[in-house]
Amino acid sequence: MLVDAGDKKPAKPIELPDWGEFVLRSSITIPSTWSVEVANDTHTTNPFGSFDSVYSMKDSTLIVERRLTLEEPKVQPDRWNEYAKLSKAVNDDAGHWIQLSTGSGKSGAVVSQNNPEAQRLLQQALEALQRRGFNEARDALDQAERLNPQQAGLWATRAILYGATNDTVNGIASLKKEVQFHPEEVAAWRALGEAEMSLHDTAGAISAFRELLRVAPGDMSGTLLLATLLNNEKRYRETIDLLRPALDGASADAARAYRDTLSDALLRNGQKEEGIAMTKSFADSSDDPNVLNDAAWHLADTGIDIALAIEYSQKGVTKLEETLSSVKLSGLTNEDLQHIAFTTAIWDTLGWSFFQAGDLAKAEKYLAAAWSLAQQGPVADHLGQIYEKQGRKDDARHFYELARAAGGVGEDTTERLDHLGGPVNPMPRPTLRRGPVTQMKPADPNWIDPGEELGKLRTTGVPLLNAQKGTAEFFLSFSKSGVEETLFISGDQSLKDAGGVLSKTAFKVPFPDDGPERIVRRGILSCSAVTKPSCQIVFLLPANTAAN
């Protein structure tokens, strides 16, 4: 009846195989415990012809009637656009999927039919959310819900609204409704799993990602998220059983990512030879610092092949430091800053590899540099273990406390701290007695709360600006020799020329080796009559630093 409309107007008339009116009727009986999402009707009319498709339910039977009318036996070049629109309407309707899903066991098929007006309101709500018009979005969603509480995307859009207002609990409840009504919606399962992860509901997240993979078995991010959760839960056999078949037919990027997690699971599951072989399969030929760092970490943290871990890690460190050697403040990019932030991870991995090898001096150099740069809890925990190994009990306890204050560590850190006698200088416990309440103070007046200490560690006095007042932001570029460059970003113009003084200030920015890298820090310079020295600069953490 129809010929391919193509992308270009034909030069000559095209004969149609048939013309006139054509009617196609079809029906399917839906099981009583299933639900069906009925498509919207289609109505298209122009001078060349018309097309109508009507979807309806009678009892548990879905009925579809399609009616095509062609007014002419030939398509003239000047009527091609009309024909193309008609052809597109037919093809779009023919390609529409009817979504079926298992129901709740109630008698009678459940019908979910999208409402065009409700769909318009959903679009209106999304546009309002982009403008942060939360009340407008909420009103539009309430109207859409009254029209059709099972509208596709309704509850997912509510979840976006809740997410924008930091209400994760109600966001999760909305996503659960979305997948209840539309269980084949991959994006909703993914959003639900990620929301469960944000609340540390590992069991809920695992369940959501399993459902996602039931709907979309080859989904790469769903596979990796599920594998990571299982691996973190030490369910290594399940991780292996998930990833082995996923490798078949996977893209090059997916296969590399799968092998990374799979190698870790194999090593931790005691399958040493297979785990090392899998690690070599993606790391031996790579010069990507991220790939090399992952491989080195798996080998070092399991203690299975420390020499190979050091080899991979040193190769990654060298490559990354070479990349950072050309960083200039005049052309600084967010990609440069991402590389600098990643330096923390790769220095930490090499330091931990040296620790596992028993070379505590080298381990401390790399871990101290990584800690100074980003103040990440796991790095402080690693330093604590070095000091504990060296018999420096108080230093170890101190860094375990800093690790807990920085975050990102588990109960293992607390157990190590308790094993050494607990916090270095805990607040005394109050005693119950009558009388006025007195402020509790630590036994040592020089004691600093670990959370407060984190900020102080990133603060440096600038005494040469003693007479100045105001605030300004600067970029500073460091090498092993000291400050290489400074760049005024914004702030009080009276401090615009403070870069010269900053370049002469003594900063504690440790470098673990003689590499050529440049480490860029963004700092806030503040000068006030009430501080001593009157001017101080506080460095932002790399994770909070942007180039603009």
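Reply:

The side chains of Arg-158 and Asp-142 meet in a salt bridge, with an N to O distance of 2.6 Å; the term denotes a side-chain nitrogen of Lys or Arg within 4 Å of a carboxyl oxygen of Asp or Glu. Arg-158 belongs to helix H4 (residues 154-164) and Asp-142 to helix H3 (residues 134-147), so the pair ties together parts that are 16 residues apart in sequence. Helices here are DSSP runs of H or I with at least four residues, strands are runs of E with at least two, and both are numbered from the N terminus.

This is a predicted model, in which local features need pLDDT of at least 70 and side-chain atom pairs count only at pLDDT 80 or more, while totals for chains, interfaces and linings use all residues. Residues are numbered from 1 along each chain as its sequence is written, and side-chain values use heavy atoms, with hydrogens and water left out.

The two partners can also be described by accessibility. Arg-158 is buried, at a relative accessible area of 7%, whereas Asp-142 is partly exposed at 28%. Buried means under 20% relative accessible area, exposed over 50%, and partly exposed in between, with a 1.4 Å probe and protein chains only.

Side chains of opposite charge can pair when their charged atoms come close. Across the whole structure, a search finds 27 salt bridges. One of them joins the side chains of Glu-21 and Arg-67 at 3.5 Å, N to O. This pair links distant parts of the chain, since Glu-21 lies in strand S2 (residues 20-29) and Arg-67 in strand S6 (residues 61-70), 46 residues apart. Glu-21 is exposed, with a relative accessible area of 51%, and Arg-67 is partly exposed at 25%.

A further salt bridge is formed by the side chains of Asp-241 and Arg-237, again with an N to O distance of 3.5 Å. Both residues lie in helix H9 (residues 236-246), where 4 residues, about one turn of the helix, separate them. Asp-241 is partly exposed, with a relative accessible area of 44%, and Arg-237 is likewise partly exposed, at 38%. Elsewhere, salt bridges that share partners join Glu-21, Arg-25, Glu-65 and Arg-67 into one network.
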